[in-house]
Amino acid sequence: MFLCFCSISRKNFGILLGIGDFSLALWGKLQYTDFVVMKVIFNILAKSTKGSAAMTSKLAQLYGSMVFDEATMRERLSPESFGAWKACVTDGKTLDAHTAGEIAEAMKQWALELGATHFTHWFQPMTGATAEKHDSFLDTDGSGQVLLKFSGKELIRGEPDASSFPSGGLRSTFEARGYTAWDPTSFAFVKEGSLYIPTIFCSYSGQALDKKMPLLRSMEAVSRQAVRILRLFGDTETKQVTAQVGPEQEYFLIDKALYQARRDLRLTGRTLFGAHPPRGQEMEDHYFGMIKPRVAQFMQDLDQELWKVGVPSKTKHNEVAPSQHEMATIYSDANTACDHNQLAMELLKKVADRHGLVCLIHEKPFEGVNGSGKHDNWSLATDTGKNLFQPGSTPSQNFQFLLFLAAFVKGVDEYQGLLRASVASSGNDHRLGAQEAPPAVISIFLGDELTQVVHALLEGTDHVDLGKRVLDMGLAALPHIRQDNTDRNRTSPMAFTGNKFEFRMVGSSDSVSGANIVLNAMMAQELEGFADRLEGAEDFPAALAALLKETFQVHQRILFDGNGYDESWVQEAQARGLLDLPTTPDALPELVTEKAIALFQRHGIYAPEEVEARYHVYVDKYVQEILIEARTMVDMVQRDILPACSGYVSDLCRRAQAEQAMGLSAIYETTAARQAGEHIAALQTAYQALQAAIQATPAQGELAMVFCRDSLLPQMDKVRAAADALEGIVDRARWPFPTYVDLLFSEG
């Protein structure tokens with residue numbers, strides 16, 4: 001063995017050890033014992049390499065193992081059917097019945113091999129959640145023998161009952177039928193014994209009742225106009241431009257038993273009561289901190305489940321608040337990203353349950369600490385692999401990039417109200433402008449270099465290249481680190497982060513489809529206007545330069561690189577003419593302005609009645625959420641808080657009488673009883689007023705929405721203030737449900 005080992009050349013031995021070629025002098029000084037030691041090291045390294053290869057193989061086998069993806073289709077379909085499906089995806093060609101039948105049969109056989117017994121058309125109604133109706137593959141022949149069937153017709157179209165889904169008036173009460181239609185651009189997958197087929201959802205008359213159909217329409221719209229722009233710059237190869245999205249998902253984890261003891265969390269998703277704990281996020285030690293073992297195991301299991309169904313879960317870490325965390329997926333096309341985020345929200349809750357935890361995705365489950373958002377990273381990419389928001393090494397000379405940048409800046413400025421409406425919800429109203437969340441006023445942060453480029457364009461001066469700056473940390477041993485030319489500016493609602501824009505206003509429980517539909521629509525509109533103007537220009541370079549200067553000049557008011565939390569910014573924004581829409585009732589009307597409806601109609605994204613329908617659905621959703629919260633508050637005060645506090649005061653009074661009978665002062669008991677009594681009286685008055693306000697709430701519509709904001713929510717704040725004051729003085733053993741201390745520090 002020693003001779004065999006010695007026969008290895010010094011170069012190969014160094015390579016095996018991962019350190020390159022050994023020097024001849026060092027090789028000559030090696031002793032037998034050195035070779036023995038190195039042999040041990042070599043064996044360890046060899047095992048490590050094998051282990052790494054095994055892990056790589058395991059991950060490769062796991063990822064997408066439950067997805068009927070392109071590779072699986074290529075393997076299981078005839079070349080003709082695979083080619084027809086590919087043409088459908090890339091060129092929009094319609095699948096014929098024979099091809100659909102072959103795909104359905106292959107899909108069924110594949111699903112059966114993975115243990116599936118049912119199939120479902122998986123869709124995303126206007127509730128923002130997902131929906132599914134499961135049918136088995138089971139059928140029988142005339143003699144009672146079992147058959148397993150799944151036809152092309154069943155693959156392409158389903159007929160769920162649409163009567164219980166919100167339609168916003170798109171169907172009459174007596175019209176219950178709706179249709180689901182297979183989206184061939186989204187891969188089917190197997191989960192929990194069923195074959196899931198991503199579909200769109202429409203009414204009997206064909207109007208969109210879901211989130212996916214308008215998103216697909218918006219992606220086609222922005223692609224059409226972006227290709228026109230690329231042709232102006234000599235790009236004759238690109239056939240399609242795709243909106244790319246990478247959503248980040250924030251969430252809280254709390255102990256399941258504590259969750260069950262909080263009726264407000266179970267019914268509304270957020271705590272309606274809760275005094276601030278002695279310690280919250282002040283120490284800032286949770287962010288990127290060590291992940292606790294229980295949470296780490298949950299995250300590991302979550303990754304496994306996500307990877308199986310093809311969701312490319314990439315990042316996981318602790319967030320700012322105690323018990324708050326974040327996960328993010330790899331960038332992909334907007335349609336796939338939205339599907340994947342819906343799956344992620346579902347699996348977050350299911351996997352948490354296995355670990356005795358509950359995942360909270362509400363935007364503000366705890367008052368006074370960081371809320372949860374969903375940063376929507378958005379850009380455009382060509383089918384030839386180019387990111388159209390990549391500035392390049394010299395962004396001032398990259399005029400194609402500058403044109404797309406100008407279109408984005410113009411779009412955000414002109415459709416800022418629509419962007420705000422796309423993220424409006426009762427939960428997000430509690431989050432925006434508080435504890436790490438961006439303000440409700442929309443602005444764009446470009447960073448130092450792009451800001452200088454814009455100023456140079458406006459002033460007609462040469463751009464000063466900031467160059468590749470290197471951070472000097474004063475330690476020679478540390479490697480040089482290149483400094484980005486843009487900071488993150490976490491107060492900005494819309495920040496440029498190198499090759500994409502990060503829209504930070506999306507709520508954690510919301511579908512990312514809504515925000516991306518608006519982003520795509522506004523870009524389609526602005527690119528169309530630019531193409532119309534430039535295609536007929538006699539002097540293209542001069543026309544382009546004039547267009548860029550004019551656009552940044554007119555729309556520079558939307559650019560802001562300061563502190564978005566500062567109150568002076570709200571005043572400055574108003575002076576600039578920017579919209580300040582702090583609440584959902586302020587923002588939602590922006591969805592149905594003539595300008596918004598014209599935008600959607602022009603690009604074939606929504607018909608006017610589809611826009612109106614969504615407005616009514618979102619108004620009703622807001623009203624119902626606030627009413628449920630208000631009724632839950634009343635119930636908890638009546639059945640939990642007042643009885644507990646009354647019992648506490650009675651105990652204090654009995655103890656005071658006993659102590660006074662013994663000649664003691666009973667100062668604590670009498671003082672505490674008096675304080676508690678005052679707060680009980682205030683709580684009694686506040687919750688009775690809340691009851692009256694609930695009864696006075698208009699039946700539905702805009703009046704109800706405004707009433708909820710102006711009357712119910714302020715009264716709910718008064719109820720909470722009185723109850724939280726009582727929590728601060730009532731005996732902990734008597735308080736009827738877990739406190740913030742219990743909830744926020746329960747996951748370990």
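How many residues does helix 25 have, and how far does helix 25 reach from its first C-alpha to its last? Helix 25 covers residues 701-727, which makes 27 residues. Its end-to-end reach is 36 Å, close to the 39 Å expected at 1.5 Å a residue. The helix also has a kink of about 40°, centred on cysteine 708.

**Overall picture**

This is a predicted model. The protein has 748 residues, and 51% of them count as buried. Its secondary structure comprises 26 helices and 20 strands. Among contacts with a separation of 6 or more, 72% come from residues 24 or more positions apart.

**Confidence**

The mean pLDDT is 87, and 85% of the residues reach 70 or more. Confidence is highest in helix 22 (residues 594-602), at a mean of 98. It is lowest in helix 1 (residues 2-6), at 38. The pLDDT is below 50 over residues 1-35. That stretch still has 41 contacts in the model beyond near neighbours in sequence. Where pLDDT is low, the predicted coordinates should not be read in detail.

Strand 8 spans residues 188-191 and is covered on both faces. Ala188 and Val190 lie on one side, Phe189 and Lys191 on the other, and all four are buried. In a regular strand the side chains alternate between the two faces of the sheet.

Strand 8 pairs with strand 1 and with strand 9, as listed here.

| Partner of strand 8 | Residues | Sense | Bridges | Facing residues |
|---|---|---|---|---|
| Strand 1 | 67-68 | antiparallel | two | valine 67 and phenylalanine 189 |
| Strand 9 | 194-203 | antiparallel | three | serine 194 and lysine 191 |

Strand 8 and strand 9 form a hairpin with two residues between the strands. Glutamate 192 in this hairpin takes a positive phi near 55°. Phenylalanine 189, the residue opposite valine 67, is buried. Lysine 191, the bridge partner of serine 194, is buried too.

**Tyrosine 204**

Where does tyrosine 204 sit? Its place is in the loop between strand 9 and helix 9 (212-232). Is tyrosine 204 buried or exposed? Tyrosine 204 counts as exposed because its relative accessibility is 53%, and the cut-off for exposed is over 50%. Tyrosine 204 and glycine 178 are 26 residues apart in sequence. In space, their C-alpha atoms are 5.0 Å apart.

Notes
Residues numbered from 1 in each chain as written. Predicted model: local features only at pLDDT ≥ 70, side-chain atom pairs only at ≥ 80, totals over all residues. Heavy atoms only, no water. Expected span 1.5 Å × (residues − 1). Bend = angle between axes of the 7 residues up to and from the residue. Buried < 20%, exposed > 50% of the residue type's maximum accessible area, 1.4 Å probe, protein only. Contact = heavy atoms within 4.5 Å. Pairing = 2+ DSSP bridges. pLDDT = per-residue confidence, 0-100.
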